[in-house]
2 protein chains.
Amino acid sequence: MSKCTVTFLPHQRSTAVSAGESIIRAALQAGVHINASCGGEGVCGKCRILIEAGAVDDGFSDRLAEEDAAKGYRLACLAKVTENVTVRIPVESAMDKSVMNLQVTPRRTATIQHPDFESLKEEGLFIPPVEKLFVSLTPPDAVNNMPDVTRLVEHLKQELNEHKLELTLPVIKKLPGLLRGNDWQVTLTIIRAVRDDGKNVIQNVQAGDRTAHNYGVALDIGTTTIYGQLIDLATGECMAEAGDFNGQISYGEDVITRIMYAEKPGGLDKLHEVVVGTINGVLRKIIAQSKVDREDVSTITIAGNTTMTQLFLQVEPRNIRRSPYVPAATLYPPFSAESVDIDLNDHAIALIFPQISSFVGGDIVAGVMGSGMYRDERLTLFLDIGTNAELVVGNKDWLACTACSAGPAFEGGGIEFGMRAAKGAIEDFSLDPLTYEPMIFTIGDVRPKGICGSGLITMVAVLFEMGVINNRGKFNRDLGTDRIRSRNDIWEYVVAWKEVTQIDRDIVLTEPDLDNLIRAKGAIYSGCMTLLEEVGLTMDMVERIILAGGFGSYIDLEKAMTIGLLPEIDPDCVTFIGNGSLMGAKMSSLTNRIRKDIVAVTRQMTNFELSETPSYMDNYIAAMFLPHTEIEKFPRLKARMEARARK
Amino acid sequence: MSKCTVTFLPHQRSTAVSAGESIIRAALQAGVHINASCGGEGVCGKCRILIEAGAVDDGFSDRLAEEDAAKGYRLACLAKVTENVTVRIPVESAMDKSVMNLQVTPRRTATIQHPDFESLKEEGLFIPPVEKLFVSLTPPDAVNNMPDVTRLVEHLKQELNEHKLELTLPVIKKLPGLLRGNDWQVTLTIIRAVRDDGKNVIQNVQAGDRTAHNYGVALDIGTTTIYGQLIDLATGECMAEAGDFNGQISYGEDVITRIMYAEKPGGLDKLHEVVVGTINGVLRKIIAQSKVDREDVSTITIAGNTTMTQLFLQVEPRNIRRSPYVPAATLYPPFSAESVDIDLNDHAIALIFPQISSFVGGDIVAGVMGSGMYRDERLTLFLDIGTNAELVVGNKDWLACTACSAGPAFEGGGIEFGMRAAKGAIEDFSLDPLTYEPMIFTIGDVRPKGICGSGLITMVAVLFEMGVINNRGKFNRDLGTDRIRSRNDIWEYVVAWKEVTQIDRDIVLTEPDLDNLIRAKGAIYSGCMTLLEEVGLTMDMVERIILAGGFGSYIDLEKAMTIGLLPEIDPDCVTFIGNGSLMGAKMSSLTNRIRKDIVAVTRQMTNFELSETPSYMDNYIAAMFLPHTEIEKFPRLKARMEARARK
């Protein structure tokens, strides 16, 4: 799609956007504020702009007077970019350009890190745990009448340099008939040993040459959603992908209620049954979509948190939620997918990502492995933010992890107008530093219904940086704007007046909301700090951040650093891997390297129970400020705030 | 039981027998001939003897005149030894003592070789493939909350020096509950790795200390009979033993008809089902007898011939009976007993003895391993005689094997009055060298019904050595006895007149019977000769013979050498191991050494298909004489015959 340059005056900032993008989204991208309250439906009429050069499509509504339209005014939320355009924003005369450009930092999300198959190939590591080999044997005769299996194994040794082979009983059963029915030409499916001195197991045999048809499934068992991908193990290509809500949701929304259900008579079996039902549904979809032969699916690589993993495997999870929080196992052996009721075929092998602790599970290990963090020199912070946040810090030499209960603030919980990231959620925010009028963006560009996690982070960061809230999360009560008010003794900022919302109420951000957000970000930051301190390092040494989980892709990085959710590092050093669990499962389907390394990684990764780490509480208290008691830890923010103070 | 000495006159031979033994059995043992035709029922009245010193019990019948009884005569078959006794046998006056003592060689069967557990223990090899270990773990606390499996594995590594451990999924499932329910004390069942660098798999976990309860099953799947033993793996003791006819008998008596049945639709599944039915019946019996908990049975070690093994495992056997006679596999991996429908428990492991070829199967390998032949310096001939005879020659450095179709002569087939070794079968035989009157012994000491294999060997050996038949298996027609006669142009020797048989017919040995026997023994001897020649050795180098199979214990060794079934060696160097298949399975249940060695042994054991070995036919033809064309191969026999010729 062609890119057009949008230049904003008087700021003199330019940005390139795709044709069809709205002017207001271009402004967001450029870090330019336009008052806008209604989410983009042209309802508030506040986002008036003047087109000075070039043209735009649309931009009219009954909130824009005809004479203004004739002069070249448009509503920024409705005007679409079609060519290079220069746009003037009406601003207070008192505001000069330098102030304008301090308004906000440009929106910047993390670079998406895709699985790096090319370097795998270059390193010669593109070796799936399960390979197919075509063999063409010399038929037996009176002189050489060794058993079929011996004939096969000798051929593999001598012609293909394959050693330490073992055949399963089902393969031995199929072999005599398949050899004789196919001119002594068959294809073997071999599970590679993890250790060099281990056995290579021939788990299936098929007629003729089937080497071009070797598939694996990567599966993420999330508490809420289950995703599966069907991977071509010859090319690395994802042939089909599907997801579905985890059928266990009916038995409890979070892991703790699921564990409680599992403790009831028959509960564990029921939860196993329903999750397997969801998984088999996902498998049916991706097999149908990709049109592969079920017989050709050799592996299913599964990642999930500790509770999801234990429930799936019917391993009682009761000790996960009871002090001292002991999971059943770290490593699970490979086993037949059929043995846990996975509906693939009789030989597909299930490979389970290991767990570290009750609250740092296979989903996190998958992310750490799939992202390559464990092989990188740089000190990296891996962060999966949700109600429970999992943190891993370390590099190729060491890894430490922990989990903390961030609370549901990032998912909209405990926030008066909080909501999940769905249509109508305010996902981005900017503020006029003089009038304190906001520019809001909603998912779907509709009138606002509430505030989602990434919107909340941005909103608080902006309000803090603009001095609307102080570092203890209290509103400045002397700003002379009716948007800041007290209601029932609770101070709040009106994000959107009820006239422009979908809910016929003002959408506000309250001081208790701020408290909850600060506790959430404080828990995460102090968790990370504590981990580093335990190994004698400090937060400013973090060179790189990897964000995982759905939430991570929407976070405005600089804003997250402003509130002290993330340590302040170069945003170029922050990457987003999306569903790290699924990505790790996919990577692990394609390279035996991960299976080889994972035992050492899980052994090496030190888990800290924060409740048992004395310094955690001190760090937590220090993190209960915006961004932190020690502003020195955030030098860029400090510089911006000092610059603004000088104005 | 107290032993009594019986001295026979005029021979002046003495022998020690248990009190209660009959005089005629004592004579057999001493190598003293007494005419006796009726099998010991006192019917023929021929076995009159005179008690000269000491006394006997019984010995009377209506065939013994009262006046003779008064003089001290008794019937040898009915007279029982109670004390030291001297017995005179009425003999032809022309016969002097030296001739008498050439009559027969004393009866001598092979020494029974029992499994040698003591030397296993001395060598430190009494290590069953599956062991139980008791562990008592430190419970987790807030500081040490590693996962249950990790806690267990660390304990095993640090406290018990156990490494390379892997737990099965079912063990992981059971572990958390069992640990917490039993004060953190459990017993593990560990399958030891075969290779030193292999994995030790924890296959079961039980509450508390169950180390004293570790059992294995040794199972022999014979074509006719299935035997099982329940072995205490802690002591080596056999706690229970049971056998039953293989349920497959209804589908064919021999392996070939079973294979043909298996080729019919559903046939293989049916044969699997019925043999598993028999096995499970045997298991029920030995478990009930021994009163062990089924849960404590850790292994089932199974030996059977190649066809029995493949039918049991549902591996199609059709190629076994078709040139070039290719079995499916040599080695089978260990697998869950449950997976082949064995009714033990969910964790017992089935270990299958490997096959060498279509006709040298796991039963023979079990015998070779169990007897320790593969670890012995001496050049040994291992022989399992049946319709199909399996031969192994070699020592600790090399092994060669073959199978030959001996035909059913040794089991009574193709012999006019042949029968299996059952009540009424003539099992031993002696001949008066002047009158050609026989002394016969039957199983159960009843009137004769027929001749069993060991009786046939002895009979032919004695008749040959006494010059009644020549080295081509033809009767000497000029001996002037009515026992040698022609009927329908077929010459025969009357072993028992119809008056004393159970069948109201004369029991005879015919020249066609002799032909069949010579073909049978010739096939075996020439098979062994051919094997040795192929490795550059000769029969006279054989230092030791191991006989396996039910038949072997009854063979009179010197007689078997006389007819050329066995090479002529010191009878002290012949041992009998009984059911070698069952013995090997038992030994293998008790020492991991066999599992460790067996891969090399099966790889090293060279199989010869006699039909493909050109020299076999020449050797076979040379062996179609009694004992062989080259009498020089049998120096003791040659000396006896020359001594007799001088008389």
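Started with L230(A): its bridge partner in β15(A) is A240(A). Strands here are DSSP E runs of at least two residues, helices H or I runs of at least four, both numbered from the N terminus.

Note on the source: this is a predicted model, where local features need pLDDT of at least 70 and side-chain atom pairs count only at pLDDT 80 or more, while totals for chains, interfaces and linings use all residues. Residues are numbered from 1 along each chain as its sequence is written, and chains are lettered from A in the order in which they are written.

Next I looked up the pairing around β14(A). β14(A) and β15 (residues 238–245) of chain A run antiparallel over 7 bridges; strands count as paired if DSSP finds at least two bridges between them. Their hairpin has 5 residues between the strands, and G236(A) in that turn has a positive phi of about 85°.

I then checked β13 (residues 215–221) of chain A, which pairs with β14(A) in the antiparallel sense over 7 bridges. D220(A) has Y227(A) as its bridge partner in β14(A). This hairpin has 3 residues between β13(A) and β14(A).

Over to chain B. I noted an open sheet of 3 strands there, in the order β23-β22-β24 with mixed pairing. β23 (438–442) and β24 (450–451) of chain B stand at the edges with a single partner strand each, so one side of each has no neighbour in the sheet.
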